[in-house]
Amino acid sequence: MHSNDVAIGTTHLTKTFDHRGGLLNALRKKDRRTITAVDDIDLEIGEHELFGLLGPNGAGKTSFIKILSTLLLPDRGTAHVNGWDILKNPFEVRMSIGLTLSSERQLYWKLTPRENLTYFASLYLLPRADITDRVEDLLTLLDLGEQSDDLVENLSSGNKQKVALARALLNDPPILFLDEPTIGLDPSFSGQFREMIKKEINRSKKKTILLTTHYMEEADQLCDRIAFINEGRIAALDTPKNLKRSIDEKDILTLSVSHTTEDMLKKISQFEEVSSVERFSHDNDVVLKIFTDSASACMQDVIGIITDERVQIHSFSSSTPTLEDVFIKLTGSVLE
Amino acid sequence: MLTGTARLARELSVTRSVIKKEYKMWRRYPSRVLFMLLMPFLSILTLYFQGMALVGGTTSEAFAEYAGTNDYLAFIIIGSAVFIFVSTAIWGIGNAIRREQMMGTLESIWVAPVSKYTIFFGIALFDGLFSIYIAFMQLLFSTIILPVNLVKPEMAIIVLVTALLLFSLYGMGFLFTGIVLLFKEMEDFTNLINTTLRMVSPVSYPLAAMPAPIAIVALFVPLTYALSAIRGYVGIIDTASLAHNAAILVVFDTAFLVVGSIVFTYAERRARRRGEIATH
């Protein structure tokens, strides 16, 4: 990537938080923990790229976006957004970006979408003469015409998110940060919303988009490239296709079981076709992900070992690797 | 990129948007509208009844020994009208920022390129209009229903002197906004400052009625000079010249604005460092 094609670049970006656990504990220097939210991240995102940060809750995705949008100061390292240094040129960075946060409460619920957008347009220093037309265009683009004069508190979650997206586009910024844009939306609306982000905003309007998500399908469906982030670090970075190819194994067996025993896991791992076994909790079950070259070759034996150990199998499936499987294999963590 | 006078012009037009937005939000809460309609009337009656109970009317010779005027009712109504500006200014900016924090909109504002001081200025102007309405209605009600005439041309001095006082108060507003960002708590602290300011300044009683240590503290409170200037100008008390009091207010304005801005800048940077802009 040529340096002048880079929309967002970070160098050794690091952010830690001290948790002191209350005033008394802070004085006693007790229960002090340091959490590294962003850990030495070097990253370049190209112009017009739709880039995804995929990771579980608490992985550092929101902290990363907040640093880039000047809401949070890094401890170390630097970042450039649209060519501007986030520390030296915060005004220029803010003029270059639009941001939606994952909270529904990022809008004024006692104002209408039109009133919200008109107010924020002025905060983005748009010329007063242009504001009415700009707001009208965005209400039309995001199909909010009928709800544009209802109070935000009466809108569905999906339409609230549309208003937030419209707000992020008010100043026609070259770069958009979308933090968990479809969280809390119903599945059918999420699909439409993703389509709109990709077609209308990224492809048609050529916006560079950095989105964070912990939904594997969202990253897979939308992003040109994805970075897996876990415990503040980038664990892998590539196109969705290449990330899925990065797993040598062709099949994944996924079993939801009542419990596991060390003996059982040892025996499953010893099969020639099995390269690794990952175990994690989900709801009240234990989920086993068995990475194998051939599910059909080892399936019967795996089930036999589990039933011999008197472990109940609640569900069982075989699939080709997904992004989530790649994430689990690389980090040992699950996305949820 | 937007620079120089073009940016300044846009920033100034934001203040109008802030006032419009604050007004729309305000009128969508009926209880706030009701409060605004009733508050001037009720507060004046309270002062009147208090006067009747304490001095048996609107004037008192005993009061004159301390205050230099026997016109008890006019003295405290002016104090009350001016204190409205103090109260709304202290509550105003910090409380508005706290409200944005609680509503979840603060980060959306913070990430916008507009200067935060422009937003504060807009909030301050809205609060100023609110205060002018309350103070004027108090004076009007007093004139209509009580035996005291406070709606006269020279009372316009309240607006001029209070305008001078406001810079100090908004310096305090910046300071309180910094405190909101630092401590995530506004109400108790504001109540404490509000009550303390009322106690140590000659709002409801003259300086001479205060114990000496508190009267000394009152000398460091800009409200003391604003009240002195207004009451002196309209002839209720003898005091130093208007220009003298105004000059002292300008000194306070400068000091409070500088200190308030320093505290706010420090608090904002600290909140951005600790990721606490939006945390409750």
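**A helix pair, then chain A**

Mentor: α7(B) and α11(B) are roughly parallel to each other. The reason is the angle: their axes cross at roughly 20°, and angles under 35 degrees count as roughly parallel. Keep in mind that this is a predicted model. α7(B) covers residues 157–183, and α11(B) covers residues 242–274. Their axes come within 7 Å. The crossing of α7(B) past α11(B) is left-handed. Sort the residues of this contact by class and you get 20 nonpolar, seven polar and three charged.

Now the contact between the chains. Chain A puts in 29 residues, and chain B puts in 26 residues. On the side of chain A that touches chain B, three helices each supply at least two residues: α2, α3 (90–96) and α4 (113–123). Of these, α4(A) gives the most, with five residues. By class, that side of chain A holds 16 nonpolar, six polar and seven charged residues.

The order is β2-β1-β4-β5 in chain A, and the pairing is antiparallel. The edges are β2 (33–46) and β5 (84–85) of chain A. Each edge strand has a single partner, so one side of each is left without a neighbour in the sheet. Take the β5(A) edge. Two bridges join β5(A) to β4(A), residues 76–81, and the two strands run antiparallel. Here Val81(A) stands opposite Trp84(A) of β5(A).

Step back to the whole of chain A. It splits into domain 1 (3–244) and domain 2 (248–320). Taken over C-alpha atoms, the centres of domain 1 and domain 2 of chain A are 38 Å apart.

Strand β12(A), residues 274–282, is joined to strand β13(A), residues 285–292, by eight bridges. These strands also run antiparallel. One bridge pairs Ser281(A) with Val286(A) in β13(A). Two residues sit between the strands of this hairpin, and Asp283(A) takes a positive phi near 50°.

How values were computed: Residues are numbered from 1 along each chain as its sequence is written. Chains are lettered from A and ligands numbered from 1 in the order in which they are written. This is a predicted model: local features need pLDDT of at least 70, side-chain atom pairs count only at pLDDT 80 or more; totals for chains, interfaces and linings use all residues. Domain bounds come from an automatic or database domain assignment. Two strands pair if DSSP finds at least two bridges between them. Helices (H or I, at least four residues) and strands (E, at least two) are DSSP runs, numbered from the N terminus. Axes are lines fitted to C-alpha atoms, for helices over the stretch in contact, and angles run from 0 to 180 degrees between N-to-C directions. Angles under 35 degrees count as roughly parallel, over 145 as roughly antiparallel, 65 to 115 as roughly perpendicular and the rest as oblique. A crossing is left-handed if the near helix is turned anticlockwise from the far one by less than a right angle, and right-handed if clockwise. Ala, Val, Leu, Ile, Met, Phe, Trp, Tyr, Cys and Pro count as nonpolar, Asp, Glu, Lys and Arg as charged, and the others, Gly among them, as polar. Two residues are in contact if their C-beta atoms, placed from the backbone, lie within 7 Å.
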